[in-house]
Amino acid sequence: KKDYCLSRLNYLLRNLSKSFLLCIKIKMKLFTKDLYPALLTIIAVIIIDQITKIVISNNVLYTTIYELSFFKIKYALNTGVAFSLFTGINDILRFIMPIAAIFLFVLLVTYKDNKLLKYAFSLQIGGAIGNFIDRLHMPGVIDFIGVGWWPLFNIADSAISIGLALLVLDTIIKLKNDYAKK
């Protein structure tokens, strides 16, 4: 079990460093200084997500590790999307998630001058990649954070949700500004 966790962490770090070096080597004009904070956000979400999942996976599947009032840490495997919706579609998600991440990256580059959207898209990209890494190695995604009656989730799900909230906030701000101009 420990060897599996170490090999998974090694795989993650090796592939992240290869991707980073490839981006530097290509020297695409997409990677301007405006995108550095977004890229760091993406990398931070992926690393934090994967490290927490590696720590959690050292426990027995479907056991509660910690519980305090309405908060719990429980190791579970989710074969659906966020918050256990549409369980059993892991194979489809292996195909869809990279496409979604690429689409979000295009949006990130397109709206790189808008700080709110830049972080909204970078959080969603980091979360999508974090969950995609799980789907490559397992028949689902490791979920472990439980709050009250809410379904279990993980760091990647949280990043995606926060990114969506920022996207909604940006839309509300734009609507408010457009309404004020009228």
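The legends below walk through several close-up views of this predicted model.

Residues are numbered from 1 along each chain as its sequence is written, and side-chain values use heavy atoms, with hydrogens and water left out. Because this is a predicted model, local features need pLDDT of at least 70 and side-chain atom pairs count only at pLDDT 80 or more, while totals for chains, interfaces and linings use all residues.

View 1. Let us begin with salt bridges, each defined as a side-chain nitrogen of Lys or Arg within 4 Å of a carboxyl oxygen of Asp or Glu. Side chains of opposite charge can pair when their charged atoms come close. The whole structure holds 3 salt bridges. In one of them, the side chains of Lys53 and Asp49 meet at 2.9 Å, N to O. These two residues are separated by about one helical turn, because they are 4 residues apart in helix H2. (Helices, H or I, have at least four residues and strands, E, at least two; both are DSSP runs numbered from the N terminus.) Lys53 also forms a salt bridge with Asp134, with 2.9 Å between the closest N and O atoms. That pair links distant parts of the chain, since Lys53 is in helix H2 and Asp134 in helix H4, 81 residues apart. Lys53 is buried at 0% relative accessibility, where buried means under 20% relative accessible area, exposed over 50%, and partly exposed in between (1.4 Å probe, protein chains only). Asp49 is buried at 0%, and Asp134 is buried at 0% as well.

View 2. Asp170 counts as buried at 7% relative accessibility, whereas Lys174 is partly exposed at 37%.

**View 3. Asn131 and its surroundings.** Look for Asn131 in helix H4, which covers residues 115-137. Asn131 is buried, with a relative accessible area of 5%. The side chain of Asn131 makes a polar contact of 2.9 Å with the side chain of Lys53. (A polar contact is a pair of N or O atoms within 3.5 Å; within protein, one must be able to donate a hydrogen and the other to accept it, and residues adjacent in sequence count only if both atoms are side-chain atoms.) Leaving aside neighbours within four places in sequence, the residues in contact with Asn131 include Asp49, Met97, Asn154 and Ile160, where contact means heavy atoms within 4.5 Å.

**View 4. Asn154 in a loop.** Asn154 sits in the loop between E3 and helix H5 (155-181). With 0% relative accessibility, Asn154 counts as buried. Its side chain reaches the backbone oxygen of Ile142 at 2.9 Å. A second polar contact, of 2.8 Å, joins the side chains of Asn154 and Asp143.

View 5. Strands E1 (residues 64-68) and E2 (residues 71-78) run antiparallel and are joined by 4 bridges; two strands pair if DSSP finds at least two bridges between them. The hairpin of E1 and E2 has 2 residues between the strands, and Ser69 there takes a positive phi near 55°. E2 is also joined to strand E3 (residues 141-147) by 6 bridges, again antiparallel. Lys72 of E2 is a handy landmark: Glu67 stands opposite Lys72, and in E3 the bridge partner of Lys72 is Gly146.

**View 6. Tyr111 and Phe121.** The whole structure has 3 aromatic pairs. In this one, the ring centres of Tyr111 and Phe121 lie 6.3 Å apart and the planes meet at 40°, so the pair is tilted. (Rings of Phe, Tyr and Trp, its six-membered ring, pair if their centres lie within 6.5 Å; planes under 30 degrees apart count as stacked, over 60 as edge-to-face and the rest as tilted.) Tyr111 lies in the loop between H3 and H4 and Phe121 in helix H4, so the pair ties together parts 10 residues apart in sequence. Tyr111 is partly exposed at 37%, but Phe121 is buried at 4%.
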